[in-house]
Amino acid sequence: MKKNDNDFHRHSSIDRCTVVELPRHYDAEGSISVVENVDGAPFSVRRVYYLYDVPADTCRGGHSHFALRQLIVAISGSFDVTVDDGARRKTITLNRPYRALYVDTGIWRTIDNFSSGAVCLVLASEPYDESDYVRDYGRFLELTSEKRADK
Ligand code: TYD
């Protein structure tokens, strides 16, 4: 995947950031949810990480990526994910371990409103690579400026 390619931001859309239902297997002994061949999340998982012990009133994220795609799951507790494509934004509350939010390339995301004990699981399409991050919102606005020029 070519890094620093502006197409990832030029054509990004929050419409492709959707919540997908994961299969649930449940009985009296408990539940299992499986992330495998998820419709709407077309990538192979190359990295898994999780956020926990997040203090109340903390805002995580605050970046976009060129190539990285993710699935975000509230394994425990709840939090809000705001996705922004430079022209529009929307906020999704995740509060079920059998729902995953797909976050496409070129999307600025922030995560806040963490409940006590919340655990945020992230399944990622790429290994960790700091050069894939855009951490400056001004630069993100530059990378997505064509969308606003249409208006
Ligand atoms: P960051 O991706 O900015 O976290 P968030 O989006 O959840 O706020 O990462 C925070 C720090 O952790 C940063 O210094 C980089 C480091 N980090 C890794 O070393 N490897 C990883 O896979 C991730 C996700 C972060």
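These notebook entries record what I looked up in one predicted protein model.

**Entry 1. Ground rules**

I noted that the model is predicted, that local features need pLDDT of at least 70, that side-chain atom pairs count only at pLDDT 80 or more, and that totals for chains, interfaces and linings use all residues. Residues are numbered from 1 along each chain as its sequence is written, and side-chain values use heavy atoms, with hydrogens and water left out.

**Entry 2. The sheet**

I began with the strands, which are DSSP runs of E with at least two residues, while helices are runs of H or I with at least four; both are numbered from the N terminus. Two strands are taken to pair if DSSP finds at least two bridges between them. Strands of a sheet pair through backbone hydrogen bonds, either parallel or antiparallel.

In what order do the strands of the open sheet stand? I read β8-β7-β10-β5-β12, five strands with antiparallel pairing. β8 (89-94) and β12 (133-134) are at the edges with a single partner strand each, so one side of each has no neighbour in the sheet.

I then followed the pairings. β7 and β8 run antiparallel and are joined by six bridges. Strand β7 (residues 79-84) also pairs with β10 in the antiparallel sense, over five bridges. Strand β5 (residues 60-65) is an antiparallel partner of β10 as well, over three bridges.

For H63, I found that the bridge partner in β10 is R109.

Is strand β10 largely enclosed or open? Four of the five residues of β10 (residues 108-112) are buried, so the strand is largely enclosed by the rest of the structure. I used these limits: buried is under 20% relative accessible area, exposed is over 50%, and partly exposed is in between, with a 1.4 Å probe and protein chains only.

Next I looked up the aromatic rings. Rings of Phe, Tyr and Trp (its six-membered ring) pair if their centres lie within 6.5 Å; planes under 30 degrees apart are stacked, over 60 edge-to-face, and the rest tilted. By this rule the count is seven aromatic pairs. W108 and F140 form one aromatic cluster with Y137.

I also recorded a charge over a ring (NZ of Lys or CZ of Arg within 6 Å of the ring centre and within 35 degrees of the ring normal). The charged end of R24 sits over the ring of Y98, 3.7 Å from its centre.

**Entry 3. Pocket and cavity**

The search uses a 1 Å grid over the protein atoms alone: a cavity is a set of points where a 1.4 Å probe fits but cannot get out, a pocket is an open set with protein on both sides within 12 Å along at least five of seven lines, and lining residues have an atom within 4 Å of a point. Grid points are joined across faces, edges and corners, and a volume is the space filled by probe spheres set on the points.

The largest pocket holds about 200 Å³ of space. It is lined by 13 residues, and Y49, L51, R60, G61 and H63 lie nearest its centre. Which element gives the most to this lining? It is β5, with three residues. The lining of the pocket divides into seven nonpolar, three polar and three charged residues. Here Ala, Val, Leu, Ile, Met, Phe, Trp, Tyr, Cys and Pro are nonpolar, Asp, Glu, Lys and Arg are charged, and the others, Gly among them, are polar.

I found one cavity of 30 Å³ or more in the whole structure. Its lining includes R47, H65 and E126.

**Entry 4. Loop residues**

N37 is in the loop between β3 (30-33) and β4. N37 has a positive phi of about 50° although it is not a glycine, and it is exposed, with a relative accessible area of 73%.

The loop between β10 and β11 holds N113, whose phi is positive, near 60°, in a residue other than glycine. S115 lies in the loop between β10 and β11 and is partly exposed at 23% relative accessible area. S115 and P55 are 60 residues apart in sequence and 8.8 Å apart in space, C-alpha to C-alpha.
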